[in-house]
Amino acid sequence: MHFFQNYGMEPGILFHQLHLMGESFPSHYHRAYELLLVQQGTLLLTVDGVEEELLAGDGAFIFGNQIHSFHAQPETHLEVLIIAPELIPDFHQLYQEKLPITNRLPQAAAALSIQEHMTVFQIKACVYNCCARLLNDTEFRELRNSKSSELLLQMLRWIMSHYQKTVTLDQLASQLNYDYKYLSKLFIRGTGMGFNEYVNHLRIIKARELLQNTELSIQEIAHLCGYEAVRTFNRNYKKITQRAPSEERRAH
């Protein structure tokens, strides 16, 4: 699992490359474009509430601020490229107020691959190739966000700003001045998860990054990710990742 939410927002960083094996991610959004290439296995992709199955060799091109999630089988090898709009300014200028009817790119992964240590020119060539495929394969519609989709975006933004603290749906309902039950139903419909389950997934995703890339203690990481009790952190970590934080640390 990876922490995608802020990608495409860091100044001076034009792209991120990721190679994932059997990893999934709950509903999220960011201002960047996202290219997915399924090199092996299958991927269930949901974009703005629409599900599509990607087979080996397929790809998908997701626009900025589209709420999306994906679920991979254990054997699924997925290449991910997250692209800041500044990397493809011509395309972004023309299509920033539009959305594709479908994000799926049939057989894109069969023709393209995201290799390690690609230059910015190679990345741009790859992305513009996908832009051309998208223009050939699908039609576009004008961007018109509904009131419910805008509200879901507000909820996700609030969670991202507060997940390191104690957060509840009651707090969020009060902040947004909406009925608790209405927000609960909207959140489940939009993300496929309950509020608490979603917050726990985001916390564990961030914790995994910190375990893999820092020397912080498990207790420090638990507190940074919003857990007051290390025991609760350990239990949730194992439930979501199938191994204990100490095993994750030893593996890296």
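This is a predicted model: local features need pLDDT of at least 70, side-chain atom pairs count only at pLDDT 80 or more; totals for chains, interfaces and linings use all residues.

Visitor: Why are Cys-131 and Cys-225 called buried?

Guide: The label applies under 20% relative accessible area. Cys-131 has 2% relative accessibility and therefore counts as buried. Cys-225, at 1%, is therefore buried as well.

**Ser-27 in strand S2**

Visitor: Where is Ser-27 placed, and what makes Ser-27 count as buried?

Guide: Ser-27 belongs to strand S2, which covers residues 25–28. Its relative accessibility is 3%, so Ser-27 counts as buried.

Visitor: What does the side chain of Ser-27 reach, and with which residues is Ser-27 in contact?

Guide: The side chain reaches the backbone oxygen of Thr-191 at 3.3 Å. Beyond four places in sequence, the contacts of Ser-27 are Ile-67, His-68, Ser-69, Gly-190, Thr-191 and Tyr-198.

**Salt bridges**

Visitor: How many salt bridges does a search of the whole structure find?

Guide: The search finds seven salt bridges. In one of them, the side chains of Arg-31 and Glu-86 meet at 2.9 Å, N to O. This pair links distant parts of the chain, 55 residues apart: Arg-31 is in the loop between S2 and strand S3 (33–40), and Glu-86 is in the loop between strand S8 (77–83) and helix H1 (89–95).

Visitor: Why is the meeting of Arg-31 and Glu-86 called a salt bridge?

Guide: Side chains of opposite charge can pair when their charged atoms come close. The cut-off is 4 Å between the side-chain nitrogen and the carboxyl oxygen, and the 2.9 Å distance of Arg-31 and Glu-86 therefore qualifies.

Visitor: What parts does the salt bridge of Arg-208 and Glu-248 tie together?

Guide: The side chains of Arg-208 and Glu-248 meet at 3.3 Å, N to O. Arg-208 is in helix H7 (residues 195–213) and Glu-248 is in helix H10 (residues 245–251), so parts 40 residues apart in sequence are tied together. Arg-208 is buried, its relative accessible area being 14%, and Glu-248 is buried at 0%.

Visitor: Which other residues are linked with this pair?

Guide: Glu-248 also forms a salt bridge with Arg-243, at 3.1 Å, N to O. Arg-243 has a relative accessible area of 27% and is therefore partly exposed. Glu-23, Arg-208, Arg-243 and Glu-248 are linked in a network of salt bridges.

**Helix H6**

Visitor: How does the span of H6 compare with the expected value?

Guide: Helix H6, residues 180–191, has 12 residues and reaches 16 Å from its first C-alpha to its last, close to the 16 Å expected at 1.5 Å a residue.

Visitor: How do you know that the buried residues of H6 line one face of the helix?

Guide: The buried residues are Leu-183, Leu-186, Phe-187 and Thr-191. Seen down the axis of H6, they fall within an arc of 100 degrees, and therefore line one face. On the other side, Lys-181, Lys-185 and Arg-189 are exposed.

Visitor: What covers the buried residues of H6, and what is found at its start?

Guide: The cover includes S2, helix H4 (147–162), helix H5 (169–176) and H7. At the start of H6, a side-chain oxygen of Asp-179 comes to within 3.1 Å of the backbone nitrogen of Lys-181. After H6 comes Gly-192, with a positive phi near 80 degrees.

Note on methods
Residues are numbered from 1 along each chain as its sequence is written. Side-chain values use heavy atoms; hydrogens and water are left out. Buried means under 20% relative accessible area, exposed over 50%, partly exposed in between (1.4 Å probe, protein chains only). Helices (H or I, at least four residues) and strands (E, at least two) are DSSP runs, numbered from the N terminus. A polar contact is a pair of N or O atoms within 3.5 Å; within protein, one must be able to donate a hydrogen and the other to accept it, and residues adjacent in sequence count only if both atoms are side-chain atoms. Contact means heavy atoms within 4.5 Å. The expected span of a helix is 1.5 Å times one less than its number of residues. The arc is that of the directions from the helix axis to the C-beta atoms.
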